[in-house]
Amino acid sequence: MSAPTGSSSPLRSKKPRFGSWRKGAAVGSTADSRLLDTPPSSDFTHTDPWRVMRIQSEFVQGFDSLAEIGPAISVFGSARTKPGTRHYEMGVEVGRRLVEAGVAVITGGGPGSMEAANKGAFEADGLSIGLGIELPFEQGMNQWVGLGVDFRYFFARKTMFVKYAQGFVVLPGGLGTLDELFEAMVLVQTSKVTQFPIVLVDSAFWSPLVAWIKDTMVEQGLVSPGDLDIIALADTPEEAVALVMAGEAGNKVAAG
Ligand SMILES: C/C(=C\CNc1ncnc2c1ncn2[C@@H]1O[C@H](COP(=O)(O)O)[C@@H](O)[C@H]1O)CO
């Protein structure tokens with residue numbers, strides 16, 4: 001006799017199932033018994049489902065640590081900028097002026113322009129935040145970070161830069177800086193974030209990139225001419241801070 005179909009099939013458990021399940025999977029064990037019977041091993045911590053728990057915990061930790069920071073601006077720029085250089089001093093001044101304007105400063109917590117912006121914010125007695133990232137080589141948070149949060153995953157960290165800031169100031173940088181800049185530009189372009197000023201400091205550095213977007217991307221119809229309005233160029237920290245504070249950050253500061 002063939003096996004009856006439907007709910008009385010011997011292959012189907014009568015117990016309620018949780019999460020995803022496969023028809024015909026072994027029945028007779030419970031989540032409790034599998035947990036308690038499994039021999040101790042660390043192998044399972046390297047599986048993708050377990051990684052999801054770690055990823056989730058990064059979001060929880062980030063949300064928890066940053067929920068109360070108040071108005072903030074994220075500052076990006078090269079990890080390789082050396083103290084004493086023009087771009088480093090610009091970063092210090094950007095950090096200081098942002099604090100004077102009433103906002104916290106968020107950076108990647110690393111060296112170079114991140115360190116510079118944290119230094120300016122810290123020395124101005126402001127909230128100087130570093131969102132550190134685990135890298136293959138030992139790095140550590142720069143000494144000017146007052147509130148630090150460490151991340152394993154770039155994507156979780158990048159969520160925090162946008163979620164807890166009301167605008168970006170971008171100093172000259174390399175691939176990491178461009179990655180952060182273009183992600184923010186796409187979020188504005190696709191209306192995932194609104195009222196989000198993105199200010200690029202040092203027009204001599206950024207103009208060739210802006211010209212390429214205009215002359216090649218816009219020209220070939222790959223972006224709209226209006227997309228160029230997503231970014232603003234500044235030549236001084238004073239100008240950059242004024243432009244970024246003209247957005248939602250300024251409204252929040254004014255509202256107290
Ligand atoms: C390569 C060096 C240090 C790397 N340390 C970093 N620590 C924290 N955040 C970093 C680091 N490197 C890149 N980032 C992120 O990307 C942006 C800078 O990248 P770029 O390629 O240098 O432009 C920065 O905003 C960070 O968020 C040298 O010692």
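Predicted model: local features only at pLDDT ≥ 70, side-chain atom pairs only at ≥ 80, totals over all residues.
To start with a term: Ala, Val, Leu, Ile, Met, Phe, Trp, Tyr, Cys and Pro count as nonpolar here, Asp, Glu, Lys and Arg as charged, and the others, Gly among them, as polar. With that in hand, the lining of the largest cavity has 5 nonpolar residues, no polar ones and 3 charged ones.

The cavity, then. How many cavities of 30 Å³ or more does a search of the whole structure find? The count is 1. The space inside the largest cavity comes to about 30 Å³. Its lining is made by Phe-76, Lys-158, Phe-161, Val-162, Phe-168, Glu-180, Glu-183 and Ala-184. Two or more of these lining residues come from α5, and two or more from α6.

For the largest pocket, the volume is about 730 Å³. There are 30 residues in its lining, and the ones closest to the centre are Ala-79, Met-114, Ile-133, Leu-135 and Phe-154. Four elements each supply at least two lining residues: the strands β3, residues 128-133, and β4, residues 147-151, together with the helices α5, residues 154-163, and α6, residues 175-189. Which element gives the most to this lining? That is α6, with 5 residues. By class, the pocket lining holds 11 nonpolar, 11 polar and 8 charged residues.

Now the helix pairs. Two packed helices are described by the angle between their axes and the distance between the axes.

Take α3 with α4 to begin with. Helix α4 covers residues 113-123, and it packs against α3 at an angle of about 40°, the axes being 6 Å apart. The two are therefore oblique to each other. The crossing of α3 past α4 is right-handed. On the α3 side, the contact uses Tyr-88, Gly-91, Val-92, Gly-95, Arg-96 and Val-99, and these meet Glu-115, Ala-116, Ala-117, Lys-119, Gly-120 and Ala-121 of α4. Sorted by class, that contact has 6 nonpolar, 3 polar and 3 charged residues.

The other partner is α8. Here α3, residues 86-100, packs with α8, residues 237-245, at an angle of about 40°, and their axes lie 9 Å apart. That angle makes α3 oblique to α8. Again, the crossing of α3 past α8 is right-handed. From α3 the residues in contact are Met-90, Glu-93, Val-94, Arg-97 and Leu-98, while α8 brings Pro-237, Glu-238, Val-241 and Val-244. This contact divides into 6 nonpolar residues, no polar ones and 3 charged ones.

Helix α7 spans residues 203-218, and it packs with α6 at an angle of about 45°, with 14 Å between the axes. At that angle, α6 is oblique to α7. What is the hand of the crossing where α6 passes α7? It is right-handed. The residues that make the contact are Thr-177, Leu-178, Leu-181, Phe-182 and Met-185 in α6, with Trp-206, Leu-209 and Ile-213 in α7. By class, we have 7 nonpolar residues, 1 polar residue and no charged ones.

To close, a word on α6. This helix gives the most to the lining of the largest pocket, gives two or more residues to the lining of the largest cavity, and packs with α7.

Key:
Residues numbered from 1 in each chain as written. Heavy atoms only, no water. 1 Å grid on protein atoms, 1.4 Å probe; cavity = no way out; pocket = protein on both sides within 12 Å on 5 of 7 lines; lining within 4 Å. Points joined across faces, edges and corners; volume = space filled by probe spheres on them. Axes fitted to C-alpha atoms, helices over the stretch in contact; angles between N-to-C directions. Parallel < 35°, antiparallel > 145°, perpendicular 65-115°, else oblique. Left-handed = near helix turned anticlockwise from the far one by under 90°. Contact = heavy atoms within 4.5 Å.
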